[in-house]
Amino acid sequence: MVKTRSRSGYRGRLAPSPTGLLHVGHARTFWIAAQRARENAGGLILRNEDLDPQRCRTEFVDAMFEDLHWLGIEWTEGPDRGGPYAPYSQSERRSQYLQAWRKLRDEGWIYPCACSRKDLALAATAPNDADDEAIYPGTCRACTNTKDFDAPVGVNWRFRVPDGEAITFDDGHVGSQRFIAGGDFGDFVVWRRDDVPAYQLAVVVDDAQMKITEVVRGADLLKSTARQILIFRALGFPIPVYYHGDLVRDERGQRMAKRHDAASLRHLRKTGLTPEQVLQNAEALVK
Ligand SMILES: [Zn+2]
């Protein structure tokens, strides 16, 4: 059972990141997102998650618009269409993220972490899931010099998680979820040393400010949802409902990575497949 706030008030989103070509895994997730927005007679917001200047490229922004159009997915607001909550590209929303950083800093939710990559590699507990970040050992947790920082640059800023608290939510697709703060995940980064806001923070600020009521994305982000719920709470934002779709896995049971060029929508389209064939045969296409 999915709870949505109101049928006509539904606002979903597509949030591709232009770090490569979209592949069959994205196609499936975005198709579900589009379908749910349609079923709920709601809006669908396209957000360009181009936050990381090292990894994002403009040519992939153009490619993702084109590939989404080819799939038959249309959105109601986005970088190319505008809308009431513009800008819709994360690279243009830094002031919004900074405002959230300041609030978290002033209220003591986050602390500066000066640990190097090497410190962390030596001290951290390896995560259960190879894709996930290691649990931070808490070395800098007691840091209270947060007011010395006018700007976040130079250290990693971490969210102090409520140790032992169970973070729960009802997912619209995979049902009831429960993660233990400090056990399943530790103090996570909300702002990176190289002055890039972390994914967790940017997504929460955007989903709140763009008034997203339901987040549809892949099941690889279930644990991130628990982290993001903590940020929503700290910032006093209403928490959307979630729908985590099944991942398309390759023959080794691994989830799709962007480097599978043969599974890119661009390539599949060139081979003459239709969008329907791509969506219906996703598993077969990554074998
Ligand atoms: Zn540290």
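# Notebook: zinc site, rings and a buried helix

I began with the zinc ion, whose donors are spaced C-x1-C-x20-Y-x3-C along the chain. I count as donors the N, O and S atoms within 2.8 Å of the metal (3.2 Å for Na, K and Ca); water is not among the atoms, so sites may look incomplete.

Before going on I noted that this is a predicted model, in which local features need pLDDT of at least 70 and side-chain atom pairs count only at pLDDT 80 or more, while totals for chains, interfaces and linings use all residues. Residues are numbered from 1 along each chain as its sequence is written, and side-chain values use heavy atoms, with hydrogens and water left out.

**Zinc site.** I looked up the donor atoms and found Cys113 (SG), Cys115 (SG), Tyr136 (OH) and Cys140 (SG), at 2.1 to 2.3 Å. The angles among the four donor atoms run from 100 to 126 degrees, and the site is tetrahedral (for four donors, all angles between 85 and 135 degrees). For reference, the ideal angle for four tetrahedral donors is 109.5 degrees.

Where do cysteine 115 and cysteine 140 lie? Cysteine 115 is in the loop between β3 (110-113) and α4 (117-123), and cysteine 140 is in the loop between α4 and β4, so the pair ties together parts 25 residues apart in sequence. Helices (H or I, at least four residues) and strands (E, at least two) are DSSP runs, numbered from the N terminus. Cysteine 115 is buried at 5% relative accessibility, and cysteine 140 is buried at 11%. Buried means under 20% relative accessible area, exposed over 50%, and partly exposed in between (1.4 Å probe, protein chains only).

I also noted that arginine 158 lies over the face of tyrosine 136, at 3.9 Å from the ring centre. The criterion is NZ of Lys or CZ of Arg within 6 Å of the ring centre and within 35 degrees of the ring normal.

**Aromatic pairs.** I searched the whole structure and found nine aromatic pairs. Rings of Phe, Tyr and Trp (its six-membered ring) pair if their centres lie within 6.5 Å; planes under 30 degrees apart are stacked, over 60 edge-to-face, and the rest tilted. One of the nine joins tryptophan 101 and tryptophan 157 edge-to-face, with 5.1 Å between centres and 90 degrees between planes. Tryptophan 101 is in helix α3 (residues 94-106) and tryptophan 157 in strand β4 (residues 156-159), so this pair ties together parts 56 residues apart in sequence. I read a relative accessibility of 0% for tryptophan 101 and 0% for tryptophan 157. Ring pairs link Trp101, Phe149, Trp157 and Trp191 into a cluster.

**Helix α5.** How many residues of helix α5 (residues 199-209) are buried? I found nine of the 11, so the helix is largely enclosed by the rest of the structure. The cover over these buried residues includes β1 (11-14), α3, β7 (189-191), β8 (214-218) and α6. After α5 comes lysine 211, with a positive phi near 55 degrees.

**Phenylalanine 232.** This residue is in helix α6 (residues 222-235) and is buried, with a relative accessible area of 0%. Beyond neighbours within four places in sequence, phenylalanine 232 has contacts including Val204, Asp207 and Ala208 (contact is heavy atoms within 4.5 Å). Val204, Asp207 and Ala208 are also among the buried residues of α5.

**Whole chain.** I counted nine helices and nine strands. Buried residues make up 51% of the 287 residues.

Key
Four donors count as tetrahedral if all angles lie between 85 and 135 degrees; four count as square planar and six as octahedral if opposite donors are over 155 degrees apart and all others between 65 and 115; anything else is irregular.
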